[in-house]
Amino acid sequence: MRFLALLAGLLCPLVLVMPARAQGKVDIEQISAGSLTAMPKDELAVSGGFYVPAYSSVAMSQGKLRVDFSVTLSVHNASETQALVIRRIAYFDTAGKQVESYLKAPVALKPLATITVVIPTDDVRGGTGANFIVDWAATGEIAEPVVEALMVGGVANAHYAFISQGRPTRTVGKK
């Protein structure tokens, strides 16, 4: 019994330092279940999209050094009363090629709730010009969602964190 406890104690630190997996392999709907609600039954009359620049890698020291960053995309429902339907969350690389799609089907986000996607530091598929496209919809007039990417990384003893705000790409009103 003591041996098993000792073995578990030795292996625990190994679990903590193993590299994280890309969230695309994980069921985002299950991870964010607390933020989700039932899909609205009414017609989705309003829709929009966001382009969100992200940087999984950044060139430093006049291009001689590459620093890799973790990226956390957050989609916030800014409405206090209405559900926000997220139709698509897609991740693209520097060349514009889709790297990952994070939703199997549209999901509805509770009022003031947030859904996140995490790209770990060791996933550099996006490169220096990575980006997300987020498409959303609602049954009627709604506060525009807040969509941001947080990048965190470092080299040696220096650590960096910065935010990239999503930019609306289109908004279509009632027909």
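The legends below describe close-up views of a predicted model.

Residues are numbered from 1 along each chain as its sequence is written, and side-chain values use heavy atoms, with hydrogens and water left out. Because the model is predicted, local features need pLDDT of at least 70 and side-chain atom pairs count only at pLDDT 80 or more, whereas totals for chains, interfaces and linings use all residues.

**View 1. The largest nonpolar core and Leu 73.** A nonpolar core is here a set of buried Ala, Val, Leu, Ile, Met, Phe, Trp, Tyr and Cys residues joined through side-chain atoms within 4.5 Å, where buried means under 20% relative accessible area, exposed over 50%, and partly exposed in between (1.4 Å probe, protein chains only). The largest such core has 33 residues, and those with the most contacts inside it are Leu 73, Ile 86, Ile 89 and Phe 132. Among the elements that give two or more residues to this core are strand 2 (46-53), strand 4 (65-76), strand 5 (84-92) and strand 9 (131-138), with strands being DSSP runs (E, at least two residues) and helices DSSP runs of H or I (at least four residues), both numbered from the N terminus. The largest share, five residues, comes from strand 4. With contact taken as heavy atoms within 4.5 Å, and not counting residues up to four places away in sequence, Leu 73 touches residues including Val 52, Ile 89, Ile 115, Phe 132 and Val 147.

View 2. Eight of the eight residues of strand 9 are buried. Asn 131, Ile 133, Asp 135 and Ala 137 point one way from the strand, while Phe 132, Val 134, Trp 136 and Ala 138 point the other way. Two strands are said to pair if DSSP finds at least two bridges between them; strand 2 and strand 9 pair in the antiparallel sense over eight bridges, and seven bridges join strand 5 to strand 9, which also run antiparallel. Ala 137 in strand 9 is the bridge partner of Ser 47, and Val 85 likewise stands opposite Ala 137.

**View 3. Salt bridges.** The structure holds four salt bridges, each defined as a side-chain nitrogen of Lys or Arg within 4 Å of a carboxyl oxygen of Asp or Glu. The side chains of Arg 88 and Asp 135 meet in one of them (3.0 Å, N to O), and this pair links distant parts of the chain, with Arg 88 in strand 5 and Asp 135 in strand 9, 47 residues apart. Arg 88 is partly exposed at 31% relative accessible area, whereas Asp 135 counts as buried at 10%. Glu 100 and Arg 125 also meet in a salt bridge (3.1 Å, N to O); Glu 100 lies in strand 6 (residues 98-101) and Arg 125 in the loop between strand 8 and strand 9, so the pair ties together parts that are 25 residues apart in sequence. Salt bridges that share partners join Glu 100, Asp 123 and Arg 125 into one network.

**View 4. Two loop residues with positive phi.** Ser 61, in the loop between strand 3 (57-60) and strand 4, has a phi near 50°, a positive value in a residue other than glycine, and it counts as partly exposed at 46% relative accessibility. Leu 112, in the loop between strand 7 and strand 8, has a positive phi of about 60° although it is not a glycine, and it is exposed, with a relative accessible area of 55%.
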